[in-house]
Amino acid sequence: MWRKYVAFGRVAWALTVEYRAEILIWMMSSILMVIMLLVWLSISRDGAVNGFSSADFVTYFMVGWVVRNLTAVWSSWELDSAIREGRLSPLLLRPIHPIHNEIAANWVEKSLRLLIVIPVATAVMLITPNTSLVLTPLNALAFAASVAGAWVLCFMSDYLVGMLAFWTTQTSGFIQAFYGIRLVLSGMIAPLAMFPPAMQDVLQWLPFPYMLNFSVAIAMGRVQGQEMLLGFVVQLAWAAIVTIAVWLVWKRAIRSYSAVGA
Amino acid sequence: MRYPRLLALFAKSSLLMELEYRTNFIAQAVLGAFWAGVTFFSVALFFTQTDALGGWTYEQALVIVALFTMIQGVIQLVLQPNVTKIIQMVREGTMDFVLTKPIDSQFLATLRYLRYSGLADMAAGLVIMVFAFNRMNYTPSSAAIAVFLVLLSASLVIVYSIWLLMATLSFWFVKVNNLTELFNSLFDTARFPVSTFNGLIRIALTFVLPVAFMTTVPAEAILGRPSAANVVTGLALAVVLFAFSAWFWRRAVLSYSSASS
């Protein structure tokens, strides 16, 4: 299995380097986070907002940006076009599930992103006074684990949405809508602590906060002890549910799949 | 009278095309309304923590959100489809068919296709505006509406000119898609009053990418507090940008040599 991943990874690396201009596009998709940060800063100038100082907002959005890049997924687009254009058929003949290729490609592209994201985020954090990162070994470990969980959650849910292409030609609409929901509810536009309390109570049981907000809250030392443990349980449960759903839906879809064209 | 008649024809043929793909049309319209909701939420959220954003109250800021959504609708309706087509035509060499027609090439290239799902965004924007006015118990005077309509036209001309500039660049550069992406990303600032941002960023949003004149200035007008300086600058900017983009287009067309053989 490992060797297969290395092979997939090599191909993906070559493709990523070839299309490095595309990196520009995903960098732009982060501009909204910067805009939101600026607006939050405009109101935190006169004092902390709901427990967030200006430095806290900077920390939140910088760590959030890193997490967002670590959990960026786009396999749904790939799957959608592969199904619509009939390119999926040859992939099905291979002795390995096409999802593995997507996973390898995702990791490779990610490593290239980090070459840009980590230095920028670190620099911004360094020049901001009083940033509130809590970097104890335990916290760092919890952060890493939560990001891994967030990645599984993001990747699998995205793949699940992409599989809609087996039944409808409007998948791109669903992908965009799902992205919109994720944008708001995962904490990309604002820390969930800024949401109305009633909303927070509900969100806590949904998968979305565990795609971003949860990891950032850990890094900032805002979730601890029992609360953190509970968070991990919910995250793990959702990751398992979504992964199993991908597996079940795939089995059903493949049985009724008939290629278009090619 | 030729041009209005052609415009009506373009609208009709685009409509027929939309009707061909009805599910897609409905999906896009629903998606437009959904994104309007996301925009609304992303601004309203700030007001759970503060009373004012850059000196604008919740209801006043909603007027800006409404305008932002409407302009997004216009972009969807007219600019996005035509500019995408221009970029594609330049790449594939089919621009020849546009240039050899006996009408103004800019007119034909930028207004040929309409994507009616953009109307959903515009409707959503209207709903948000009415909602905001209702909450304020405010009815704009006819003078305010008149100034607003003028400034809204200026705003649309500015947006149109920027998109035309981006499309024109495709005559020299292939990867203009990135540029329209960049515009869309920076345009996201237009959902907030420009006074929210300070320092260099506000200056950039006023003069480099004049987002201020797209939403904030027309919103001031309909709220009955337009500043003379902004009105004059907005109008001047619209005229200058339009003239420049039209000139740039003509230059590009003159130096255009087809892509194929």
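Where in chain B does Asn137(B) lie? Asn137(B) is placed in the loop between α6 (118–136) and α7 (142–169) of chain B. Helices here are DSSP runs (H or I, at least four residues), numbered from the N terminus. The phi angle of Asn137(B) is near 60°, a positive value in a residue other than glycine. Asn137(B) counts as exposed, at 74% relative accessibility. The cut-offs are under 20% relative accessible area for buried and over 50% for exposed, with partly exposed in between (1.4 Å probe, protein chains only).

The model is predicted; local features need pLDDT of at least 70, side-chain atom pairs count only at pLDDT 80 or more, and totals for chains, interfaces and linings use all residues. Residues are numbered from 1 along each chain as its sequence is written, chains are lettered from A and ligands numbered from 1 in the order in which they are written, and side-chain values use heavy atoms, with hydrogens and water left out.

Chain A also has a positive phi at a residue that is not a glycine: Asn50(A), at about 50°. Asn50(A) belongs to the loop between α3 (31–44) and α4 (54–70) of chain A. Asn50(A) is partly exposed, at 45% relative accessibility.

Aromatic contacts come next. Over all chains, the structure holds 35 aromatic pairs. Rings of Phe, Tyr and Trp (its six-membered ring) pair if their centres lie within 6.5 Å; planes under 30 degrees apart count as stacked, over 60 as edge-to-face and the rest as tilted. Phe68(B) and Phe187(B) are stacked, because their ring centres are 5.0 Å apart and their planes at 20°. This pair links distant parts of the chain. Phe68(B) is in helix α3 (residues 58–92) of chain B, and Phe187(B) is in helix α8 (residues 177–187) of chain B, 119 residues apart. Both Phe68(B) and Phe187(B) are buried.

Phe187(B) also stacks with Phe183(B), at 5.5 Å centre to centre and 10° between the planes. The two residues are 4 residues apart in helix α8 of chain B, so about one helical turn separates Phe183(B) from Phe187(B). Phe183(B) has 4% relative accessibility and counts as buried. Phe187(B) has 0%.

In chain A, ring pairs link a cluster. Among its members are Tyr5(A), Trp107(A), Trp151(A), Phe155(A) and Trp250(A).

Asp56(A) and Arg222(A) form one of them, at 3.1 Å from N to O. Asp56(A) lies in helix α4 of chain A and Arg222(A) in the loop between α11 (213–219) and α12 (225–256) of chain A, so the pair ties together parts that are 166 residues apart in sequence. Asp56(A) is buried, at 10% relative accessibility, whereas Arg222(A) is partly exposed, at 36%.

Arg222(A) has a ring contact as well. Its charged end sits over the ring of Phe52(A), 4.0 Å from the centre. The criterion is NZ of Lys or CZ of Arg within 6 Å of the ring centre and within 35 degrees of the ring normal. In chain B, Arg225(B) lies over the face of Trp56(B), 4.6 Å from the ring centre.

A further salt bridge joins Arg84(A) to Asp80(A), with the closest N and O atoms 3.1 Å apart. Both residues lie in helix α5 (residues 75–84) of chain A, 4 residues apart, about one turn of the helix. Arg84(A) is partly exposed, at 38% relative accessibility. Asp80(A) is buried, with a relative accessible area of 2%. In chain B, Asp188(B) and Arg191(B) form a salt bridge with closest N and O atoms 2.8 Å apart. Both Asp188(B) and Arg191(B) are buried. Glu78(A), Glu85(A) and Arg87(A) are linked in a salt-bridge network.

Asn106(A) lies in helix α7 (residues 98–127) of chain A. Asn106(A) is buried, at 0% relative accessibility. A polar atom of its side chain lies 3.2 Å from the backbone oxygen of Ala72(A).

Finally, two C-alpha separations are given. Ala140(A) and Ile218(A) are 78 residues apart in sequence and 8.5 Å apart in space, C-alpha to C-alpha. Ala140(A) is in helix α8 (residues 137–162) of chain A. For Ser195(B) and Thr216(B), the sequence separation is 21 residues and the C-alpha to C-alpha distance 8.7 Å. Ser195(B) lies in the loop between α8 and α9 of chain B.

Note on methods
A polar contact is a pair of N or O atoms within 3.5 Å; within protein, one must be able to donate a hydrogen and the other to accept it, and residues adjacent in sequence count only if both atoms are side-chain atoms. A salt bridge is a side-chain nitrogen of Lys or Arg within 4 Å of a carboxyl oxygen of Asp or Glu.
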